[in-house]
Amino acid sequence: VSSPEPFGRLFNQGYIQGYYYEDERGTRRPAIEVVNQDGKPAAEVQGQKDQQFFHDGQPVTERYGKMGKSLKNAIAPDDIIAEHGADTLRAYELYLGPLEASKPWSTRDIVGMSRFLSSVWRKLVSEDGASRVTDDAPDDALLRLTHKTIKKVGELMNDLRFNTAIAALIELNNAIKGTSIPRRVAEPLVLMLSPFAPHLGEELWQRIQGGAWKDSVAMERWPAYDPNLARDERIEVPVQVKGKLRSRIMVAADADAATMQAAALADERIQSEIAGKDIVKIICVPGRLVNIVVK
């Protein structure tokens with residue numbers, strides 16, 4: 001390793017939490033054996049109102065705590081993997097919330113992550129297993145979103161904000177339309193997805209290469225972004241009157257103070273706020289805010 005210690009810093013992760021069940025004596029009962037008043041497994045109705053729960057015909061109380069053997073509410077990863085796959089489990093856990101926060105587990109919600117990964121597969125691979133990736137140039141909007149996503153996901157990965165990094169990848173995937181996908185979009189998408197879904201990432205990486213076998217996706221460099229393409233063409237700027245937020249305006253990302261001031265004064269909400277008042281001064285911070293001082 002590149003440092004005297006094998007780890008650069010200590011990071012304490014939050015707990016994964018789930019429902020557990022106690023009988024009238026306070027004895028904990030296995031969550032997987034608990035059913036509601038209609039005989040449905042508790043896992044299907046956890047957290048819903050007006051539910052009564054039973055274990056071997058005896059009433060139990062639903063409570064909430066960290067998942068583990070002591071509360072008898074642990075879920076075997078093998079069971080989830082058998083039904084949804086290892087990549088889905090891995091990505092779902094990282095998507096639950098901030099890494100340092102305690103997060104609620106919900107088996108029912110795993111299907112959402114499964115649908116996302118399946119969607120990526122269908123957009124890059126046809127039903128007969130052929131690659132949908134082409135060398136065509138992407139449209140400007142999709143290309144810009146791709147470079148913004150590369151920049152954003154890279155920054156979030158460095159900060160261990162895996163849940164919001166996955167959210168950015170979902171946004172990029174949703175923006176991909178049509179029966180083919182440009183290589184300049186497909187390859188960065190697979191490279192960014194592979195740390196969260198390594199098996200899917202590896203399979204996709206090999207399939208989109210046009211039949212030419214390449215080294216493992218894990219050996220590839222992180223995709224680079226073009227700062228000009230990653231920058232927003234237009235940004236939203238808050239407009240304040242006497243320090244209080246009164247409106248927001250859209251201006252070019254490189255708009256100067258004079259342009260921002262003109263746009264703020266032309267805004268209907270601001271015009272109504274300053275009507276009949278004298279403007280003392282206007283403070284413009286390019287790209288940040290406009291503050292109008294009146295009396």
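Modeller: Start with residue classes: Ala, Val, Leu, Ile, Met, Phe, Trp, Tyr, Cys and Pro count as nonpolar, Asp, Glu, Lys and Arg as charged, and the others, Gly among them, as polar. By those classes, the lining of the largest pocket has 13 nonpolar, four polar and five charged residues. Keep in mind that this is a predicted model.

Colleague: What makes a residue part of the lining of the largest pocket?

Modeller: A lining residue has an atom within 4 Å of a pocket point. For the largest pocket, 22 residues line the space. Ile32, Ala43, Ile75, Trp105 and Thr107 lie nearest its centre. The space amounts to about 430 Å³. Strand S1 (16-22), helix H1 (42-45) and helix H2 (77-84) each supply at least two residues of the lining.

Colleague: How do you know which residues of the second largest pocket are charged?

Modeller: Asp, Glu, Lys and Arg count as charged. The lining consists of Asp23, Glu24, Arg25, Arg29, His55, Asp56, Gln58, Pro59 and Val60. Strand S5 (residues 58-66) gives the most, with three residues. The volume is about 150 Å³.

Colleague: Why are S4 and S5 called paired?

Modeller: Pairing needs at least two bridges. Strand S4 (residues 53-55) and S5 have three, in the antiparallel sense, so they are paired. Phe53 stands opposite Val60 in S5. The two strands form a hairpin with two residues between them. Asp56 in that turn has a positive phi of about 55°.

Colleague: Which other strand pairs with S5?

Modeller: S1 does, running antiparallel over six bridges. There, Tyr19 has Tyr64 in S5 as its bridge partner.

Colleague: How do you know that S12 pairs on both counts, with S9 and with S11?

Modeller: Apply the cut-off of at least two bridges again. Three bridges join strand S9 (residues 234-241) to strand S12 (residues 289-294), and these run parallel. Gln240 stands opposite Asn291 in S12. Six bridges join strand S11 (residues 279-285) to S12, running antiparallel. Both counts meet the cut-off, so both are pairs. Ile282 has Ile292 as its bridge partner in S12. The hairpin of S11 and S12 has three residues between the strands, and Gly287 takes a positive phi near 80°.

Colleague: Which residues other than glycine have a positive phi?

Modeller: Leu160 is one of them, with phi near 60°. Leu160 lies in the loop between H5 and helix H6 (162-175). Lys242 is another, at about 55°. Lys242 is found in the loop between S9 and strand S10 (244-252).

Colleague: What makes the contact of H2 with H3?

Modeller: H2 and helix H3 (residues 86-95) pack at about 115°, with their axes 7 Å apart. Pro77, Ile80, Ile81 and His84 of H2 meet Ala86, Thr88 and Leu89 of H3. Contact here means heavy atoms within 4.5 Å. The contact residues divide into five nonpolar, two polar and no charged.

Colleague: Why is Asp135 with Arg183 called a salt bridge?

Modeller: The cut-off is 4 Å between a side-chain nitrogen of Lys or Arg and a carboxyl oxygen of Asp or Glu. The closest N and O atoms of Asp135 and Arg183 are 2.9 Å apart, so the pair qualifies. Asp135 sits in the loop between strand S7 (133-134) and helix H5 (140-158), and Arg183 in helix H7 (residues 183-193), 48 residues apart. The whole structure holds 12 salt bridges.

Terms used: Residues numbered from 1 in each chain as written. Predicted model: local features only at pLDDT ≥ 70, side-chain atom pairs only at ≥ 80, totals over all residues. Heavy atoms only, no water. Helix = DSSP H or I, 4+ residues; strand = E, 2+ residues; numbered from the N terminus. 1 Å grid on protein atoms, 1.4 Å probe; cavity = no way out; pocket = protein on both sides within 12 Å on 5 of 7 lines; lining within 4 Å. Points joined across faces, edges and corners; volume = space filled by probe spheres on them. Axes fitted to C-alpha atoms, helices over the stretch in contact; angles between N-to-C directions.
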